[in-house]
Amino acid sequence: IAHAFCQAGRDELAFTTCVGCTGPFTVAVGKVYCYRIFEIIFMMWWLLLLCVAACTAETCTKPTIVPSYYTTSDAVIASETVFIVEISLTCENGAQNVALYADVNGKQFPVTRGQDVGRYQVSWSMEHKNARSGTYEVKFFDEESYSILRKAQRNNEDVSTISPLFTVAVDHRGAWNGPWVSTEVLAAAIGTLVYYLAFTTKGNIQA
């Protein structure tokens with residue numbers, strides 16, 4: 001009968017004794033035994049995490065989307081230009097718990113789920129001077145394709161070949177920065193003109 005003893009927190013070696021051998025046969029296996037236990041626990045923990053991820057995220061096949069978006073149009077009342085994209089997602093396989101990630105010009109942003117099934121939203125902001133007018137391509141990735149994207153970015157590989165789950169085009173017409181001449185300057189100019197006209201008219205009457 002073999003007995004193995006592991007004393008946690010100590011450096012003593014445990015021994016396995018083989019009874020029935022021709023002579024005393026002892027092998028120091030205490031530390032090896034402990035390391036094996038820790039390795040098994042670690043592997044079980046990762047398997048549990050993988051199972052949880054697989055259960056919480058579904059794969060969407062042949063997605064159909066109904067997008068809508070908003071961008072800041074008035075830079076006078078806003079400190080930054082805000083982009084908000086909302087989508088209604090329907091999958092051919094009926095998946096309702098799809099994890100999505102958004103990519104805009106190489107930058108990734110978290111995609112939040114709405115209260116209604118299949119509703120998602122992503123938003124980001126930038127300074128007015130950097131928010132050029134034009135079309136912004138928002139790429140949406142699922143769990144698998146996003147992992148491939150992140151790996152390619154870490155390895156400085158070409159990411160243009162990685163296909164997103166779907167793409168939404170956002171048309172930003174730019175933010176209005178107000179009139180070329182401020183209202184204060186315009187009011188002062190009108191006041192000066194009125195005073196000049198009044199002064200000139202008075203001079204002509206007196207003459």
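Start by selecting Gly-94, in the loop between strand 4 (81-90) and strand 5 (101-104). The model on your screen is predicted. Gly-94 counts as partly exposed, because its relative accessibility is 45%. Thr-59 and Gly-94 are 35 residues apart in sequence, and their C-alpha atoms are 9.5 Å apart in space.

**Stop two: the disulfide**

Stay with this loop and select Cys-91. A disulfide joins Cys-91 to Cys-60, with 2.0 Å from S to S. What does this link tie together? Cys-60 lies in the loop between helix 1 (30-56) and strand 3 (64-71), and Cys-91 in the loop between strand 4 and strand 5, so the pair ties together parts that are 31 residues apart in sequence. Turn the view to look along the S-S bond. The angle about that bond is -110°, and the link is left-handed. Are the two cysteines buried or exposed? Cys-60 is buried, at 5% relative accessible area. Cys-91 is buried too, at 8% relative accessibility. The disulfide count for the model is 1.

Move along to strand 5. Select Val-104 and look across: its bridge partner in strand 6 is Lys-107. Strands 5 and 6 form a hairpin, with 2 residues between them. Pick Asn-105 in that turn; its phi is positive, about 55°.

Next, colour strand 9 (residues 134-141). Strand 9 and strand 5 pair in the antiparallel sense, over 4 bridges. Tyr-101 stands opposite Phe-141 of strand 9. Asp-103 stands opposite Lys-139 of strand 9.

**Stop four: the whole sheet**

Strands of a sheet pair through backbone hydrogen bonds, either parallel or antiparallel. Here 4 strands form an open sheet in the order 6-5-9-10, and the pairing is antiparallel. Which strands stand at the edges? Strand 6 and strand 10 (166-172) do; each has a single partner strand, so one side of each is left without a neighbour in the sheet. Neighbouring strands are turned by 30° against each other on average, direction ignored.

**Stop five: the aromatic rings**

Show the side chains of Phe, Tyr and Trp. The count is 5 aromatic pairs. Go to Phe-83 and Tyr-136. Their ring centres are 4.9 Å apart and their planes are at 55°, so the pair is tilted. Phe-83 lies in strand 4 and Tyr-136 in strand 9, so this pair ties together parts that are 53 residues apart in sequence. Both Phe-83 and Tyr-136 are buried.

Next, select Phe-109 and Trp-124. This aromatic pair is stacked, at 5.6 Å centre to centre and with 25° between the planes. Phe-109 lies in strand 6 and Trp-124 in strand 8 (residues 119-126), so the pair ties together parts that are 15 residues apart in sequence. Trp-124 counts as buried, at 6% relative accessibility.

Now show Phe-83, Phe-109, Trp-124 and Tyr-136 together. Ring pairs link these residues into a cluster.

**Last stop: a charge over a ring**

Arg-132 lies over the face of Tyr-136, at 5.0 Å from the ring centre.

Key
Residues are numbered from 1 along each chain as its sequence is written. This is a predicted model: local features need pLDDT of at least 70, side-chain atom pairs count only at pLDDT 80 or more; totals for chains, interfaces and linings use all residues. Side-chain values use heavy atoms; hydrogens and water are left out. Buried means under 20% relative accessible area, exposed over 50%, partly exposed in between (1.4 Å probe, protein chains only). Two strands pair if DSSP finds at least two bridges between them. A disulfide is a pair of cysteine sulfur atoms within 2.5 Å. Axes are lines fitted to C-alpha atoms, for helices over the stretch in contact, and angles run from 0 to 180 degrees between N-to-C directions. Rings of Phe, Tyr and Trp (its six-membered ring) pair if their centres lie within 6.5 Å; planes under 30 degrees apart count as stacked, over 60 as edge-to-face and the rest as tilted. A charge sits over a ring if NZ of Lys or CZ of Arg is within 6 Å of the ring centre and within 35 degrees of the ring normal.
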